[in-house]
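Hi there,

Here is the structure I promised to pass along. Have a look at it first, and my notes on what turned up follow just below.

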Amino acid sequence: MTKIIETNSPEETEALGIKLAEQSVPGQVFTLIGDLGVGKTVFTQGFAKGLQIDEPICSPTFTIVQVYDTGRLPFYHFDVYRIGDIEEMDEIGYEDYIYGDGVSLIEWANLIEDILPESYTRVTIEKNLEKGFDYRKITIESI
Ligand code: ADP
Ligand code: MG
């Protein structure tokens, strides 16, 4: 199943994150794909809000995963952009998170394609400058 949503402001992208988080279920895994500056953090902030997490979301740059325990469900926010070796994922207990009872969201998941679960929700954000600077095409696919 594939759904395409077009947004024209950060607020709309954030709202989509909120909505997907509100509908998310324990154990669900989202991947988030898109170039730098496309709106992944905007989406993720919304996602956290949708899980009723009040803390600001910071990029887990040096830790690969950041855990938020104060929302409706545990939230595991991964950013694997700087991963050197896929074995680093084992070391941080990756499988315990993604097969756990929280909701996982993995930025740059294309870098760990081989170890993604059998089914997940793939969110891809793309720009199209012909449609304006603030235009984003957001594709949501059930894998
Ligand atoms: P990333 O995390 O993918 O590198 P950010 O979320 O940090 O990107 O930044 C996205 C930037 O694009 C922000 O400055 C945001 O205000 C801007 N922006 C403009 N239009 C949109 C839109 N439709 N959706 C999301 N962000 C947008
Ligand atoms: Mg970001």
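**Where the ligand sits**

Ligand 1 sits in the largest pocket. Please keep in mind as you read that this is a predicted model.

There are 15 residues around ligand 1, and the ones that come nearest are Thr13, Gly37, Lys40, Thr41 and Asp134. Sorted by class, the shell around the ligand is made of seven polar, four charged and four nonpolar residues.

H2 gives the most, with three residues.

- Thr13: an N or O atom of its side chain is 2.6 Å from a nitrogen atom of ligand 1.
- Lys40: a polar side-chain atom lies 2.8 Å from an oxygen atom of ligand 1.
- Thr41: here too a polar side-chain atom lies 2.8 Å from an oxygen atom of ligand 1.

How much of ligand 1 does the protein bury? Taken alone, the ligand exposes 580 Å², and 75% of that is buried by the protein.

**Salt bridges**

The structure has three salt bridges. One of them joins the side chains of Lys131 and Glu6, with 3.8 Å from N to O. Lys131 belongs to the loop between strand E6 (121-127) and strand E7 (136-142), while Glu6 is in strand E1 (residues 2-7), so this pair ties together parts that are 125 residues apart in sequence.

Happy to talk any of this over.

Best wishes

Notes. Residues numbered from 1 in each chain as written. Chains lettered and ligands numbered in written order. Predicted model: local features only at pLDDT ≥ 70, side-chain atom pairs only at ≥ 80, totals over all residues. Heavy atoms only, no water. Near = heavy atom within 4 Å. Polar contact = N/O pair within 3.5 Å; in protein donor to acceptor, adjacent residues only side chain to side chain. Areas by Shrake-Rupley, 256 points an atom, 1.4 Å probe, with all protein chains shown as cover. 1 Å grid on protein atoms, 1.4 Å probe; cavity = no way out; pocket = protein on both sides within 12 Å on 5 of 7 lines; lining within 4 Å. Sits in = over half its atoms within 2 Å of the grid points. Helix = DSSP H or I, 4+ residues; strand = E, 2+ residues; numbered from the N terminus. Nonpolar A, V, L, I, M, F, W, Y, C, P; charged D, E, K, R; others polar. Salt bridge = Lys/Arg side-chain N within 4 Å of Asp/Glu carboxyl O.
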